[in-house]
Amino acid sequence: MGCQYFAPCDHGSDSFTIAIPKVTFGRGCLSEVGERARSRGMARIAIITDVFLNASEHLARVRGSLDASGLDHATFDDIRIEPSDTSVMDAARFLADGDFDGLVSVGGGSVMDTAKAAMVYARYPASFSTYFGPPVGDGVPVPGPVLPHIACPTTSGTGSEVTGLAVIRLMEHDTKFVIASRFILPDEALVDPACTDTLPARVVASTGFDLLSHAIECYTAKAYTHWGKVSSPDARPMIQGANPWSDIHAREALRIADAFLERGVADAGDREARDKLMWAATLAGMAFGNCGTHLPHAFSYGVTNLMHDVVTDDYPVPSPFVPHGISVILTSPSVFRFTAEGAPERHLEAAGCLGADTRDAANADAGEVVSKRIIELMRATEIPNGLEGVGFTGGDADALADSSFRQRRAIGNAPRETTRDDTADIFRDAMRYW
Ligand SMILES: [Fe+2]
């Protein structure tokens, strides 16, 4: 099946490229940061984190490790969840003024993505839309290397520590958009599951569904052979479609989510579950950083842009706010009902990895089988019941479609063609699931 999915195609790409940082995984590895920074030649380090983590034991460990290695450091912590152009530019000024020769980011996706983007604007100043893709950005490639970067994730979902992608909210265009460049791929990732021990259950649920959706989206993405050939090796995008590398990581991340997502949410003391979810997040990151996500992530930006009437506990941010993983998973069952037609076997295989019984399933059942299993997991972890659960109504479907439809590359990474009207129908079908 896998080989057939990647069968050569007229005018299609015949190669794929994999890029990942050096990865260290394990309880306690955060304490290695000082020695790792020193061995990379860093002497004056920018620590990028958020205000809550800045007062945490994790940052105390990072500073202690850098001090023990004799390294100078200064901290920027003015980062919001859902980073915006203004917060990135503030961080860029901090970097430009600080004479740093290395960066350590400690936090979730918002922190790591801000760090990646800020390093670009600190070294290659430009108007903010310059390095974002069209239609909201100018599509200018990041010109060259940025500071050496050691990324230390503190949540088990984003996978940003192993990707060359940064998702930022552009206030002028009222949408999130992506900077994608091999130059913002971190040099190292220190993945310490002990950082997740104190995460609230709701945060583990949201980030867990983020990783789960990264994995299914990669497994069901358009095959890389169905994207066009590139004009030069450097022009090959990271959002290059499903490939044998992303398959391996996506399958394993889904198996782990099946076995450990409910446990990790239900019991903060279940260290095995939290360790496994952290590993799955990194695996899913290694998949989507070399494949790209598709419709659930593209559509989540519409959800984030237009949310207006929702209060979310457990996050230190003002309302309205929908955590990223929730904004992604709320459309996923509806999306996969639609996309299954384009790659039914792959949807069934993904569902099987996620614990669904697929023995008697026919290709025509694929969308329903995978969406049913996702809905089971949503109910078991008390996720809102579709978009109505976060304040939307069917009347919002067209606006959600218009807002989301700007994510061209991600929409093109789906396994079947998706029109703007299809998008509105998918949103209508995502309002309520049970
Ligand atoms: Fe995500």
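Q: What should I know about the model before we start?
A: It is a predicted model: local features need pLDDT of at least 70, side-chain atom pairs count only at pLDDT 80 or more, and totals for chains, interfaces and linings use all residues. Residues are numbered from 1 along each chain as its sequence is written, and side-chain values use heavy atoms, with hydrogens and water left out.

Q: Which protein donors does the iron ion have?
A: D210 (OD), H214 (NE2), H297 (NE2) and H324 (NE2), at 2.1 to 2.2 Å from the iron ion. Donors are N, O and S atoms within 2.8 Å of the metal (3.2 Å for Na, K and Ca); water is not among the atoms, so sites may look incomplete.

Q: And how are they spaced along the chain?
A: The pattern is D-x3-H-x82-H-x26-H. H297 sits in helix 10 (residues 295–306) and H324 in helix 11 (residues 324–329), so this pair ties together parts 27 residues apart in sequence. Helices are DSSP runs (H or I, at least four residues), numbered from the N terminus.

Q: Is H297 buried or exposed?
A: H297 counts as buried, at 5% relative accessibility. Buried means under 20% relative accessible area, exposed over 50%, partly exposed in between (1.4 Å probe, protein chains only).

Q: What about H324?
A: H324 is partly exposed, at 23%.

Q: Switching topic. Where do helix 7 and helix 14 meet?
A: F209, L212 and I216 in helix 7 meet V370, I374, L377 and M378 in helix 14. Contact means heavy atoms within 4.5 Å. By class, that contact has seven nonpolar, no polar and no charged residues. Ala, Val, Leu, Ile, Met, Phe, Trp, Tyr, Cys and Pro count as nonpolar, Asp, Glu, Lys and Arg as charged, and the others, Gly among them, as polar.

Q: How many residues of helix 13 are buried?
A: Seven of its ten residues, so helix 13 (residues 344–353) is mostly covered. Among the buried ones are R346, H347 and C353. G355 follows helix 13, with a positive phi near 100°.

Q: Last one: where is E35?
A: E35 is in helix 2 (residues 33–39). E35 is exposed, with a relative accessible area of 57%.

Q: What does E35 touch?
A: S65 and S69, not counting residues up to four places away in sequence. From S232, E35 is 197 residues away in sequence and 37 Å away in space, C-alpha to C-alpha.

Technical notes. Helices (H or I, at least four residues) and strands (E, at least two) are DSSP runs, numbered from the N terminus.
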